[in-house]
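Please examine the sequence and the three-dimensional structure shown below. The paragraphs that follow lead through them.

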Amino acid sequence: MSVFAKNKRQISYIYSSESDLGRKVLGYVEGMVKKIRTVDISRDNLGNTIWTEISEMLGMPFEDFLATEHPSAPEIVKGGSFDTTGWLKILGKNPFLLQKPIAIVDNKAKLIESRADILSFYGVDSAGLEQSPLEGRPEIFSKTEKETFVPEIKKKRSMD
């Protein structure tokens, strides 16, 4: 059973306000239609059990998603090998090591490495769109199944 509450209609965004990328992506997240749960680990403690669950959801050990080579990281962290308890203590005292935020929707967790990565959580993609600069207006209707596509509202052709 999961300790971290997950929901299809909610994005959980875990970041450190000490991370430049974390703050920038927060703007994208706040513009989403879905309900948002933000956790700034510089101010809020998630707890060891939740961090362990997040690591498992990402399919990564802590040293793979923490910025161990960050200039402000303690020397012991750089190139260090720790067990889960050790990493949890290090993260608790050094929240800035989470330089790449984490987004969770339902049972899917993703390490956000660029601002564009968060767009996969919008549920919009351009599949099925066809456009040719020589032919004028693009096709704006869905051409594939089960896509989340919002068609343009048709305007009166009398204005053409």
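By about how much of the helix are lysine 24 and aspartate 20 separated in helix 1? Lysine 24 and aspartate 20 are 4 residues apart in helix 1 (residues 20-30), which means a separation of about one helical turn. This is a predicted model, in which local features need pLDDT of at least 70 and side-chain atom pairs count only at pLDDT 80 or more, while totals for chains, interfaces and linings use all residues. Residues are numbered from 1 along each chain as its sequence is written, and side-chain values use heavy atoms, with hydrogens and water left out.

The protein chain contains 4 helices and 4 strands, where helices (H or I, at least four residues) and strands (E, at least two) are DSSP runs numbered from the N terminus. Their order from the N terminus is β-α-β-α-α-α-β-β. Of the 160 residues, 33% are buried; buried means under 20% relative accessible area, exposed over 50%, and partly exposed in between, with a 1.4 Å probe and protein chains only.

Side chains of opposite charge can pair when their charged atoms come close. The whole structure holds 4 salt bridges, each defined by a side-chain nitrogen of Lys or Arg within 4 Å of a carboxyl oxygen of Asp or Glu. In the salt bridge of lysine 24 with aspartate 20, the closest N and O atoms are 3.1 Å apart. Lysine 24 is partly exposed, at 40% relative accessible area, and aspartate 20 is partly exposed at 40%.

Another salt bridge joins aspartate 40 and arginine 43 (3.1 Å, N to O). Here aspartate 40 is buried, at 3%, whereas arginine 43 is exposed, at 64%. A further salt bridge pairs glutamate 113 with lysine 100 (3.6 Å, N to O). Glutamate 113 lies in the segment after strand 4 and lysine 100 in the loop between helix 4 and strand 3, so this pair ties together parts 13 residues apart in sequence. Salt bridges with shared partners also link Asp20, Arg23 and Lys24 into one network.

The loop between strand 3 (102-105) and strand 4 (108-111) contains aspartate 106. Its phi is near 55°, a positive value in a residue other than glycine. Aspartate 106 is partly exposed, at 28% relative accessibility.
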